[in-house]
Amino acid sequence: MIRLAGLISLLVCAASAANLDRIAISPDGKRFVHAGSGALFHPWGFNYDRDTSGRLLEDYWQQEWPVVEKDFTAMKVLGADVVRIHLQVGKFMQSPRESNPHSLQQLTRLLKLAKDNGLYLDITGLGCYNRKDVPAWFNALDEKQRWDAQSLFWAAVSRTCARSPAVFCYDLMNEPIVGGDAKDKDWTPGEFAGKCYVQRLTLDSAGRSDKQIAKAWVDKMTGTIRKYDKDHLITVGAIPWALPWPNAKPLFYSPEVSKNLDFVSVHFYPKTGEVDKALSALAVYNIGKPIVIEEMFPLNCSMPELGQFIDRSRKIASGWIGFYWGARDPARGVTSQWLEYFVKKTPEMLGP
């Protein structure tokens, strides 16, 4: 079992809070920098999406706020500078036209907590991870109405976050797919470990190409955010289709679609013996913008192999975000290996 006290003793860099400076894109367009100083910024952190029992953040952040406080302190002590949170539609929208003020107040509270700990937030939105929590009215909307409700979600969130120095970026949606002509009429196809992480943008392509649909959606969401927040970065967390299909080309990071996205976010879980294949797939997303590996974990490979992937990806990637499931996690087995690796790697990843 790995214990937090033992991890602290391994740290080389200090874990004290710092003044947060807005993160921007470097002049060459390939890296992240602090907007004020111009110093390089390397996103290195955790997805804080659920606890060990599978509860999503919004399931407990009201009643168990001290748990969230402890977890943010722990993530900072472990060496993180970025925490990715996942906001659910059902918790932030009360109707197609009305946001939830209580959730927005709690988000404001979380922004302050992040700032106090010297952490930036990757704010991923529009989640429909738990089917039971997705409002019936939301799934009953047609495409236009659904996109309008999603736009209002981002209007409420970006208004709340615009002035916070603790925002690293807005991630428009976790792993969107276009959907095409979906015969099952299911906006959230497939489940993994009881959660629906993939979401369709449409159920009817109506003669449009995938790029036309993706561009229209991205432009609508980014346009809404830019009405309220001119500065913070915007991205989309994408499935790297070039991994299962080596000849696949990026959709959201194609020239036609990615104009209003500031950097590339892709999710990688390399398989045993296939680190080279994962690196080849990653190279497809090298489009001249910073790349963040926004999800990674030794789910399908050993921790040494994931370490190889991280080291070799540094030629083109600028950020890496794994997972942390709370201070109450006993951190056995592969989780223990991951956290030990993270702590030992932190000084190198956050260095110049």
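Select C196 first: in this predicted model, C196 is buried, at 2% relative accessibility. Display its sulfur and the sulfur of C128, which is the closest cysteine sulfur to it, 8.6 Å away and too far for a bond. A disulfide would require two cysteine sulfur atoms within 2.5 Å, and the structure holds zero disulfides. Another cysteine to select is C301, which is buried as well, with a relative accessible area of 9%.

Select F268 and F309, whose rings form a tilted pair with 5.5 Å from centre to centre and 35 degrees between the planes. F268 lies in the loop between strand 13 (264-267) and helix 9 (275-283), while F309 belongs to helix 10 (residues 303-313), so the pair ties together parts 41 residues apart in sequence. Both F268 and F309 are buried.

Proceed to F297 and W338. Their ring centres are 6.3 Å apart and their planes stand at 65 degrees, so this pair is edge-to-face. F297 is found in the loop between strand 14 (291-295) and helix 10, and W338 in helix 11 (residues 333-349); the pair thus links distant parts of the chain, 41 residues apart. Both F297 and W338 are buried.

Now extend the selection around this pair. Ring pairs join F297 and W338 into a cluster with W44, F46, F323, Y324, W325, Y341 and F342.

R159 lies over the face of the Y228 ring, at 5.1 Å from the ring centre.

Conventions
Residues are numbered from 1 along each chain as its sequence is written. This is a predicted model: local features need pLDDT of at least 70, side-chain atom pairs count only at pLDDT 80 or more; totals for chains, interfaces and linings use all residues. Side-chain values use heavy atoms; hydrogens and water are left out. Buried means under 20% relative accessible area, exposed over 50%, partly exposed in between (1.4 Å probe, protein chains only). Rings of Phe, Tyr and Trp (its six-membered ring) pair if their centres lie within 6.5 Å; planes under 30 degrees apart count as stacked, over 60 as edge-to-face and the rest as tilted. Helices (H or I, at least four residues) and strands (E, at least two) are DSSP runs, numbered from the N terminus. A charge sits over a ring if NZ of Lys or CZ of Arg is within 6 Å of the ring centre and within 35 degrees of the ring normal.
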